[in-house]
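The sequence and structure are shown first.

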Amino acid sequence: MGYTLCVLGCGTMGIAVLSGVIDSLDVGSRITSNGREKWESHTPGTVTPTDSSDASLPNRFLACVSREESARKLRSVFENLGSLGQTVEVYAGQNVHAAKQADVVLLCCKPQLAHSILSEPGMQEALDGKLLISILAGVTISQLTGWVLPSTTVIRAMPNTPCKIREGMTTISTIPNSPNQELHNAIILKIFTSIGRCVILDEKHFDACTALSGSGPAFACIFLEAMADGGVMMGLPRPEALQLASQTLQGAARMVLQTGGHPAQIKDAVTTPGGCTIAGLLALEDGRVRSTIARCIQVATERASELGQPAKK
């Protein structure tokens with residue numbers, strides 16, 4: 001049983017998702033081969049059961065890129081992912097050929113290339129009756145369904161790059177009614193819960209999700225880098241400053257996720273009267289950090305809505 005998973009346009013996000021899925025299926029190989037201490041290793045939240053008779057689990061992987069040079073680099077990446085990663089078949093300039101062999105296709109190209117890829121001769125027939133999952137920012141389900149046959153089931157998903165270490169956040173569009181709805185639901189959830197957390201939301205929220213969780217790692221890293229810089233300014237060695245800042249942000253985020261507490265509650269618990277925390281918080285408020293971050297999400301959402309749309313003349 002099992003199915004063949006094909007990634008069209010296997011760039012940064014395609015690698016992140018496929019690497020995470022492979023890692024969730026090949027945990028034993030990864031843990032025993034990396035030589036790291038247990039406390040230093042990433043502890044996955046979800047390990048996908050490897051039952052070969054389960055039709056909702058992938059057992060063959062195809063990755064497509066446009067150039068042979070990119071294909072060589074991709075092979076090198078997957079060869080380092082353990083025994084299962086070494087089975088990934090990489091194709092250069094053979095999108096239709098790969099899609100014909102697949103049962104589920106993950107569309108990961110740049111948004112502006114979606115139409116040209118899905119309009120390649122033979123692509124509609126290659127996707128006939130299959131599940132197409134698009135992770136493209138700004139390209140709507142309405143657009144995608146217009147480029148494929150009615151028999152192709154189209155879903156949107158918006159993961160982020162931490163999927164590569166199985167700490168991703170993915171938003172999934174509502175799964176449409178179809179004879180294969182139950183199987184499609186199982187396939188999609190097993191892909192994205194194996195690489196982190198996921199939520200199902202109406203497509204109208206996708207631009208905001210693209211900005212908040214899709215672009216969010218970049219915004220978080222600006223804050224992380226600034227915290228580390230502050231530590232260096234006050235005399236800390238940079239490696240230790242970066243480790244302190246990274247673990248502090250991770251710990252704070254996990255407290256919110258695991259306890260369900262509001263960030264303000266955690267902030268107030270740390271803030272003692274006349275202490276160093278309130279002094280630092282006032283400095284942040286003087287710099288309008290709160291409103292700047294919120295506006296950052298607003299601007300990124302507006303930009304996300306423009307991606308994949310026809311250029312304005």
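## Helix 1 and helix 3

Contact (heavy atoms within 4.5 Å) joins Ile 15, Leu 18, Ser 19 and Ile 22 of helix 1 to Leu 74, Val 77 and Phe 78 of helix 3. By class, six of these residues are nonpolar, one is polar and none is charged.

## Basis of the model

The model is predicted: local features require pLDDT of at least 70 and side-chain atom pairs pLDDT 80 or more, while totals for chains, interfaces and linings use all residues. Residues are numbered from 1 along each chain as its sequence is written, and side-chain values use heavy atoms, without hydrogens and water.

## Helix 11 and helix 12

Helix 11 (residues 216–233) and helix 12 (residues 238–259) cross at roughly 135°, and their axes come within 8 Å. Helix 11 is therefore oblique to helix 12. The crossing of this pair is right-handed.

Helix 11 contributes Ala 220, Phe 223, Leu 224, Met 227, Ala 228, Asp 229, Gly 231 and Val 232 to the contact, and helix 12 contributes Arg 238, Ala 241, Leu 242, Ala 245, Ser 246 and Leu 249. The contact of helix 11 with helix 12 has 10 nonpolar, two polar and two charged residues.

Notes: Helix = DSSP H or I, 4+ residues; strand = E, 2+ residues; numbered from the N terminus. Nonpolar A, V, L, I, M, F, W, Y, C, P; charged D, E, K, R; others polar. Axes fitted to C-alpha atoms, helices over the stretch in contact; angles between N-to-C directions. Parallel < 35°, antiparallel > 145°, perpendicular 65-115°, else oblique. Left-handed = near helix turned anticlockwise from the far one by under 90°.
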